[in-house]
Amino acid sequence: MIRLLSTDFDGTLVDHFATPPVTPELFELFGRLQHAGVRWAVNTGRDLAFALDGLREFHFPVEPDYILTNEREIFHRDPAGQWRDYGDWNRRCVLAHDRLFQTEAPYLEEFLRYVRTETEAELIYENERPVGLCAKDDGEMDRVVARLRSTRKPGSQFNFQRNTVFLRFCHSDYSKGAALGELCRLTRVTPAETFAAGDHHNDLSMLDGRFARWPAAPGNAIDEVKAVVEKAGGYVARARCSEGVVEALRYFMEVRRLGPEGAAAKVG
Ligand SMILES: [Mg+2]
């Protein structure tokens, strides 16, 4: 039975090109699932403030139980309703990245020189630390990623998360999938009880079956995501974004009979 939903936000729940950007059916279904005890985590590349902005901007009448941010951090609400670090994962994540940026400084300097001199990509800084970049287009991002893959040392922990034309540097132990694994550990939910949905490269780590037995991709997902979801025995929807997520959840609830008591019977 599904007890936890882990959903990407942009391009998975929100269709920035559609009116409305999120189908009311998704709000209704998520509300009903939460009422039946299913927990919902937004698992996004946005930071916490930007994720909360998104929920307001697109008028979500339902609230996530957890927000997983920057493709690696985990937040939940404290009893007063404030969003807080969940466990010590975020602290360990910060330490791991501090160490990574120290040990990989020579490599990073060389890579940044390549970006500055051989691409039109814009480097992104946070607190004076280079944290990623924005490429001119998909083709340039393909070249940047190929460069990273071919130049980093074998066994290096220096990794990256790619989402459209954005790329974030990260430690190889941290990803949307790893954060979801930690959330499952903290909440005592198993992969067999977890649904995940995403549309782009940075979602792959939560869609390959390791952390969520029931992965899904909306129809607008990139081919690489659809292939990984199919290989993991998940569901690739025909519909786009939120309509595709509703389609996938209906499949798992109606056809696979994985819905919680009290929610499955009312679907459709
Ligand atoms: Mg997305």
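In this predicted model, the axes of helix H4 and helix H5 (residues 138–151) cross at roughly 150 degrees and come within 11 Å. Because angles over 145 degrees count as roughly antiparallel, H4 is roughly antiparallel to H5.

**Helix H4 against helix H5**
- The crossing in which H4 passes H5 is right-handed.
- On the H4 side, the contact is made by Tyr107, Phe111 and Tyr114. On the H5 side, Arg143, Val144, Arg147, Leu148 and Thr151 take part.
- Sorted by class, the contact of H4 with H5 comprises 5 nonpolar, 1 polar and 2 charged residues.

**Helix H3 against helix H4**
- H3 packs with helix H4 (residues 105–118) at an angle of about 70 degrees, and their axes are 5 Å apart.
- Angles of 65 to 115 degrees count as roughly perpendicular, and H3 and H4 are therefore roughly perpendicular to each other.
- Phe101, Gln102 and Thr103 of H3 make the contact with Ala105, Pro106 and Leu108 of H4.
- The contact of H3 with H4 has 4 nonpolar and 2 polar residues, and no charged residues.

**Helix H1 against helix H8**
- Helix H1 (residues 24–35) packs with helix H8 (residues 241–255) at an angle of about 40 degrees, their axes lying 9 Å apart. That angle makes H1 oblique to H8.
- The crossing in which H1 passes H8 is left-handed.
- H1 contributes Glu25, Leu26, Leu29, Phe30 and Leu33, which meet Ser242, Val245, Val246, Leu249, Arg250 and Met253 in H8.
- By class, 8 nonpolar, 1 polar and 2 charged residues form the contact of H1 with H8.

**The largest pocket**
- The largest pocket holds about 930 Å³ of space.
- Its lining has 35 residues, of which Gly45, Asp47, Asn70, Glu126 and Arg168 are the closest to the pocket centre.
- Two or more residues of the lining come from each of helix H3 (89–103), strand E6 (122–126), strand E7 (129–134), strand E8 (158–163) and strand E9 (166–171).
- H3 provides the largest share of this lining, with 5 residues.
- The lining residues divide by class into 10 nonpolar, 12 polar and 13 charged.

**Backbone features**
- Most residues other than glycine have a negative phi, and most peptide bonds are trans.
- Asparagine 70, although not a glycine, has a positive phi of about 50 degrees. Asparagine 70 lies in the loop between strand E3 (66–69) and strand E4 (73–77). Asn70 is also among the residues closest to the centre of the largest pocket.
- The peptide bond from threonine 19 to proline 20 is cis, with omega near -5 degrees. Proline 20 is found in the loop that lies between strand E1 (4–7) and H1.

Methods
Residues numbered from 1 in each chain as written. Predicted model: local features only at pLDDT ≥ 70, side-chain atom pairs only at ≥ 80, totals over all residues. Heavy atoms only, no water. Axes fitted to C-alpha atoms, helices over the stretch in contact; angles between N-to-C directions. Helix = DSSP H or I, 4+ residues; strand = E, 2+ residues; numbered from the N terminus. Parallel < 35°, antiparallel > 145°, perpendicular 65-115°, else oblique. Left-handed = near helix turned anticlockwise from the far one by under 90°. Contact = heavy atoms within 4.5 Å. Nonpolar A, V, L, I, M, F, W, Y, C, P; charged D, E, K, R; others polar. 1 Å grid on protein atoms, 1.4 Å probe; cavity = no way out; pocket = protein on both sides within 12 Å on 5 of 7 lines; lining within 4 Å. Points joined across faces, edges and corners; volume = space filled by probe spheres on them.
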